[in-house]
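Here's a quick briefing to read alongside the model. Have a look at the structure first, then work through the notes below.

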Amino acid sequence: MARRPNKEPPPPADGRCRVVIEAVAPAVDCGRFPVKRVIGDTVIVEADVFADGHEAVACVLCVRKPGGRAVSATRMTALGNDRYQGHFAVTELGVYHYTVRAHIDRFGSLTQELARRPVDDPDLALVFQQALLLIVAAADRAPAREARPLRVARSLLEGDASMADKRAALLDEALAERVYRFSEPTHETVWAPELPVRVDPEGARAAAWYEFFPRSRWGAAGGRLRDAGPILKQVAAMGFDVVYLPPISPIGTVRRKGPNNTVSGNSEDVGSPWAIGSAEGGHKTVAQALGTLADFRAFCAEANRLGLSVALDIAFQCAPDHPYVSLHPQWFRHRPDGSIQFAENPPKKYQDIYPLDFESEDWQALWRELKGIVLFWIDAGVRIFRVDNPHTKTFAFWEWLIGAVRAEYPDCLFLAEAFTRPKVMHRLAKLGFTHSYTYFTWRNSKHELIAYFTELTRGPGREYFRPHVWPNTPAILPPYLQHAPRAAFIARLVLAATLSANYGIYGPAFELMESVPREPGSEEYRDSEKYERRAWDVARPDGLQPIIARVNAIRRAHAALKADCHLVFHAIDNDNLIAYSKTSEDGASVILVVVNLDPYHRQSGWIEWPAQVAGGRADRAVQMHDLLSDARYLWSGDRHYVELAPEQMPAHIFCPRNYVGSEHDFDYYA
């Protein structure tokens, strides 16, 4: 066979780099997207680091703060099996970058070899000479104060000390660390590219949201933004963190929808807030029926005074009479007959909405205009945006928009309302959305809930996909809540508020237990507030306000419920009962939740939950304090009986209290 032409591959830039770095974590798509953390968090970094042969390696974690060039470097700790770990705290908003660097640790290799050699080994003298060269080089680089211990070690090695004393000196960990710090690494391997970490404000960690339509009335309150003060006080009193409004811009009059989404509305119909734009103005205008921009600023100021943040719905779509339609017809998709295509999601039709065309030749101007909408509302006092149907707009647009806004306002949060395919939802989360709606709304059985929340908290998406769970929305009355009793609403409230650190409710409809769908098989509410004003009797004695306030107070008081990472499901021998616990990062806060998923029947079972989970002792009873009912139970051993009657309360939220002592035959728990 004829010899093939020489196609020898080119050598690497430095073939003397012997260390290999693999499996650096956390990372999303090899660093294409940032992992997400909240300000104050500690980022734990791990990597596989090894070299050929038996020499020791030195592994360093290098971190750059947002916008900075300076790199802080800290040595990583060996975990075993060539796995190394380091950590750094994130104290500024924005994007941190980190990487891992590694090289052969010459001095560490010598001491590693030295530890294996006996004191009478004739080759020890050569090892000491090699160590001396490295110590001298480190002393030359060190400042005078740091060099003094190195010179002491040099004198000992050059003097008449015994082999045993010299060996002991070289095996001193403080000396090894000092030599390492002032040694110059050679033939270093660097993990590339740098890996990004997006740091969000504290509000991204945990929040309870309440959605309401300001055009509806709550008794004598509401109808206009200036009249919403009493509503805000009630929302704050229930312990919510964020008050969320649907779009407040003018509503189109052309093809305006009537009650229950009827196609031919009359002049008295108020239409859907998501059909944005009319002769009054577009996205940068407050609807006259709600008030003025000054009224909205005052609304935000009052909400902030009460401890509430304001979230606003952003819907990038237009009513047929939106000013954009006449001023920028190129931003819309036209049908063969020249008419503009309205929005459809068969079998649903939205004749009152024109979607924007993100394939427009004028796409750059469109992008700039949409960014201007977000900046307008930021200037009006908004820092949280719930984005309507982001999965119907191009991915590149969202990455650009969110990045551009956060470059100026790093405290902004974006919630993606994308009930769509999993890969699409995850892509939006990677691109920059702070939080993401979830399938919780349709996960009802024990198996479904365990499988889904295990995926959310243990799967790879945990690094970037922050779940935001809602038992209902203005567009979704799920089957579980249709014609359902009070217990069903309480059970879903407890599940949402304790399974996820971030949750929300479409408020009045949920707390007043609206349960009738528009028609059988529909998930739309009958007399939906999306299409008409409602008058809510929030003073009704059977409302859920007290239990909602209680659950939110429990969330605020217990750190375990302010994170998603330490969720554990516990075995219980009844498929109608689900049990799970959450633990805070420091282990000081533990909460155990048991929920009856059957809103019609009493259910009981035995739960497997050892006292050690809460830091207790196996030989002492643990007092289980039910924070919902204030009842207290003593649990001993690993299996415990629970029984929940839905007509009384379909859930327990237990705070374990360990035995701390007794005085005059009284037991004390804390």
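Gln-85 sits in strand β7 (residues 83-89); helices and strands here are DSSP runs numbered from the N terminus, with helices being H or I of at least four residues and strands E of at least two. This is a predicted model, where local features need pLDDT of at least 70 and side-chain atom pairs count only at pLDDT 80 or more, while totals for chains, interfaces and linings use all residues. Residues are numbered from 1 along each chain as its sequence is written, and side-chain values use heavy atoms, with hydrogens and water left out.

**Around Gln-85**

- Gln-85 is partly exposed, with a relative accessible area of 27%; buried means under 20%, exposed over 50%, and partly exposed in between, using a 1.4 Å probe and protein chains only.
- Setting aside neighbours within four places in sequence, Gln-85 is in contact with Ile-44, Val-45, Glu-46, Met-76, Thr-77 and Leu-79 (contact means heavy atoms within 4.5 Å).
- Cys-59 is 26 residues away from Gln-85 along the chain, and their C-alpha atoms are separated by 9.0 Å.

**The chain as a whole**

- The chain has 15 helices and 34 strands.
- Its C-alpha atoms fill a box of roughly 105 × 80 × 65 Å along the principal axes.
- Of the 670 residues in the chain, 52% are buried.
- Looking at contacts with a separation of 6 or more, 74% are between residues 24 or more positions apart.

- Two packed helices are described by the angle between their axes and the distance between the axes.
- Helix α1 (residues 106-116) packs on helix α2 (residues 124-141) at an angle of about 155°, and their axes are 10 Å apart; axes are lines fitted to C-alpha atoms, for helices over the stretch in contact, and angles run from 0 to 180 degrees between N-to-C directions.
- That makes α1 roughly antiparallel to α2 (angles over 145 degrees count as roughly antiparallel, under 35 as roughly parallel, 65 to 115 as roughly perpendicular and the rest as oblique).
- α1 and α2 cross in a left-handed way, meaning that the near helix is turned anticlockwise from the far one by less than a right angle, with clockwise being right-handed.
- On the α1 side the contact uses Arg-106, Phe-107, Leu-110, Glu-113 and Leu-114, and on the α2 side Leu-124, Val-127, Phe-128, Gln-130, Ala-131, Leu-134 and Ile-135.
- The residues of this α1 and α2 contact split into 9 nonpolar, 1 polar and 2 charged; Ala, Val, Leu, Ile, Met, Phe, Trp, Tyr, Cys and Pro count as nonpolar, Asp, Glu, Lys and Arg as charged, and the others, Gly among them, as polar.
- α2 also packs against helix α3 (residues 144-158), at about 155° with the axes 9 Å apart.
- That makes α2 roughly antiparallel to α3, and the crossing of α2 and α3 is left-handed.
- From α2, Phe-128, Leu-132, Ile-135, Val-136, Ala-138 and Ala-139 meet Ala-147, Leu-150, Arg-151, Ala-153, Arg-154, Leu-157 and Glu-158 of α3.
- That α2 and α3 contact comes out at 10 nonpolar, no polar and 3 charged residues.

**A three-stranded open sheet**

- The order is β13-β12-β25, with mixed pairing, across 3 strands; two strands pair if DSSP finds at least two bridges between them.
- β13 (221-222) and β25 (535-536) are the edge strands with a single partner each, so one side of each has no neighbour in the sheet.
- Strand β12 (residues 217-218) runs parallel to β25, joined by 2 bridges, and Trp-218 has Trp-536 as its bridge partner in β25.

**Buried strands**

- In strand β24 (residues 502-506), 5 of the 5 residues are buried: Asn-502, Gly-504 and Tyr-506 on one side, Tyr-503 and Ile-505 on the other.
- Strand β11 (residues 207-211) pairs with β24 in the parallel sense over 5 bridges, with Glu-211 opposite Tyr-506.
- Strand β28 (residues 590-596) has 7 of its 7 residues buried, so β28 is largely enclosed by the rest of the structure.

**Two hairpins**

- Strand β27 (residues 577-583) runs antiparallel to β28, joined by 7 bridges, and Ala-579 has Val-594 as its bridge partner.
- The β27 and β28 hairpin has 6 residues between its strands, and Gly-587 in the turn has a positive phi of about 80°.
- Strand β30 (residues 622-626) and strand β31 (residues 632-635) run antiparallel with 4 bridges.
- In the β30 and β31 hairpin there are 5 residues between the strands, and Asp-630 takes a positive phi near 70°.
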